[in-house]
Amino acid sequence: MKLVIIAGPASVGKTAVVRQIIREFHETSNPAYVKIDVVRAFEDEELREEFGIPTRKVYSGDLCPDHAGIMVLQDAISWAQNLGSGLLIIESAGLCLRCTPYTTQSFGIAVLSAVSGSNSPLKMAPMIAQADMAVVTKTDLISQAEKEVFREYIKEVAPSIDIVETNAIQGTGMRYLMKALGAYPDLSEAAQIVLRGSPPLGVCTICIGKKEIGWQHHFGVIRPLEEADNIYRGD
Amino acid sequence: MRRDQMSEITILAGTNRSGKREGFNQIIIRPGDTLSIVGPTGSGKSAFINDIEVLAQADTVTGRRILVNGVPPSDEMARDPSKKPIALITQNTRVIADLDVSRFLKLHVEARKQTHIEHLIENTITLANEFTGEEVTGAMSMTALSGGQTRALLIADAILVGRTPILLLDEVENAGIFKERVISCIKECQKTVVFVTHDPYLALRTDRRIVMSNGAVVKVLEPRERERTAIARVSEIDDLLWDLRERIRSGDLIGEEDATDKEIGVNA
């Protein structure tokens, strides 16, 4: 099974990118989808209805969504593996843009909107720098020159990152993403998966730099996939 | 292969909105060719040049495929701006980049891996000012430019910074620019150019006209000499309209004698 982790600010078109990935792989890879959001999310229901694939959502509630995503990821991998899925897509509504939800053994995609201002790549630098690919959406709304200037800003943050420019609704330019994803290896050892980078300093076990995924490895406020509420686990 | 050695673009037919195959097998655009794309709004004109710009490989709504020199383009050519032989000026003249003109051009010069940065920025602004009557300066904010200024700057940028052999221009006549100067500049630079246009004069001035309907190409016309008389006449009418437009914009009253049949040459 391949693992794909998709991050990016609100309303940039992450789900439009997901939809294109599912469209490409749903004949061959039996994709499964998990959406992590804060208060409300509808994408799981929409995608289940549209493609007939297994989907789930996790409301992070008082937790930061990336934090919740890290907590449930190990469970989510088991869930998708038990369903015989060949491709697990995790979409995180990462909010402060300081975190990088990408892990080892996963293909990390940062989604950016071409209409979000020239400096936006600089503002979300960690999220781009640790991704495998930056997908720039809504490029049909700006001029070619402006698209090329936006690209320069992304390169300033991550000089060698793979950049895909797209109108994600139509899927223009997505062939490069599909090619890279198709060639990406399956995850080999789920128990060995760790975060690629350290989240910002803070007080919980994830915030202080523990990179293991799955609630079993953490203390404080934790969250298994099957539990709707957060649980406190003391050290 | 270098960008400037590129010889031809081939467009392979896709389908219209009902999924029916387009009315051609392939359209070949050779260096120095001029084409216009005509048809009602929503007929697929912009989608046609967008397919060329993204070097589509059946991955857009139209299903068209684009070949460069008879073969599918390399990923590098399609994705690295400094290797891309095409510049597209869209209809949209709204810029989102929160940068001043000089900084915008500098970044674009870097993206296109050109040298002599300062000199090139200066020349681009000078050329932009040949295309528009409203002065553009390096210190202006991109987001504050008018439609005409943006269009003039982006065309100058495509010619000098992009320095691509192929230019795709989507309804250049809509913004207040000197289109005659743009056309002559493109000819001097020996560019291949594709105009999406509703302007009769621009459409008549090109070698070939591609007619669109319902998302597909329905005709490819090559008028050659047959439209020569019409071109001369339309040119006079266009000059008159240009003059009238300028006078109206500057607040003149237009008298009877300004628009007689004799002057516009309709009965000539």
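Two residues are in contact if their C-beta atoms, placed from the backbone, lie within 7 Å. All views show a predicted model.

**View 1. Helix 3 of chain B meets helix 4 of chain B.** Helix 3 spans residues 101-111 of chain B. From this helix, V101(B), S102(B), L105(B), K106(B) and V109(B) take part in the contact. Their partners in helix 4 of chain B are I117(B), L120(B), I121(B), T124(B) and I125(B). By class, this contact has seven nonpolar, two polar and one charged residues. The two axes come within 10 Å and cross at roughly 120°. That angle makes helix 3 of chain B oblique to helix 4 of chain B. The crossing is right-handed.

**View 2. K113(B) sits in the loop between helix 3 and helix 4 of chain B.** K113(B) is not a glycine, yet its phi is positive, at about 50°. Most residues other than glycine have a negative phi. K113(B) is exposed, because 10 other C-beta atoms lie within 10 Å and the cut-off for exposed is 12 or fewer.

**View 3. Helix 4 of chain B also packs on helix 5 of chain B.** Two packed helices are described by the angle between their axes and the distance between the axes. Here helix 4 (residues 117-131) and helix 5 (residues 147-162) of chain B have axes that come within 8 Å. The axes cross at roughly 135°, so the helices are oblique to each other. This crossing, too, is right-handed. Helix 4 of chain B contributes L120(B), N123(B), T124(B), L127(B), A128(B) and F131(B). Helix 5 of chain B answers with A152(B), L153(B), I155(B), A156(B), D157(B), I159(B), L160(B) and V161(B). The residues of this contact divide into eleven nonpolar, two polar and one charged. L120(B) and T124(B) belong to this contact and also to the contact with helix 3 of chain B.

**View 4. E171(B) lies in the loop between strand 6 and helix 6 of chain B.** Strand 6 covers 166-170, and helix 6 covers 179-188. E171(B) is not a glycine, but has a positive phi of about 50°. Is E171(B) buried or exposed? E171(B) counts as buried, because 21 C-beta neighbours lie inside 10 Å and the cut-off for buried is 20 or more.

**View 5. Chain B is assigned two domains, domain 1 and domain 2.** Domain 1 runs over 3-222 and domain 2 over 226-268. Their centres, taken over C-alpha atoms, are 29 Å apart. Four residues of domain 1 of chain B are in contact with six residues of domain 2 of chain B. On the domain 1 side, the touching residues comprise three nonpolar, no polar and one charged.

**View 6. Chain A touches chain B.** The contact takes 20 residues from chain A and 26 residues from chain B. Helix 6 (144-157) and helix 7 (175-183) of chain A each supply at least two residues of the chain A side. Which helix of chain A gives the most? Helix 6 of chain A does, with seven residues. By class, the chain A side has seven nonpolar, eight polar and five charged residues.

**View 7. D37(A) is found in strand 2 of chain A.** The strand spans residues 31-37. D37(A) counts as buried, with 21 C-beta neighbours inside 10 Å. Leaving aside neighbours within four places in sequence, D37(A) is in contact with K57(A), Y59(A), P65(A) and A93(A). M174(A) is 137 residues from D37(A) in sequence. In space, D37(A) and M174(A) are 25 Å apart, C-alpha to C-alpha.

Definitions and conventions
Residues numbered from 1 in each chain as written. Chains lettered and ligands numbered in written order. Predicted model: local features only at pLDDT ≥ 70, side-chain atom pairs only at ≥ 80, totals over all residues. Helix = DSSP H or I, 4+ residues; strand = E, 2+ residues; numbered from the N terminus. Axes fitted to C-alpha atoms, helices over the stretch in contact; angles between N-to-C directions. Parallel < 35°, antiparallel > 145°, perpendicular 65-115°, else oblique. Left-handed = near helix turned anticlockwise from the far one by under 90°. Nonpolar A, V, L, I, M, F, W, Y, C, P; charged D, E, K, R; others polar. Domains from an automatic or database assignment.
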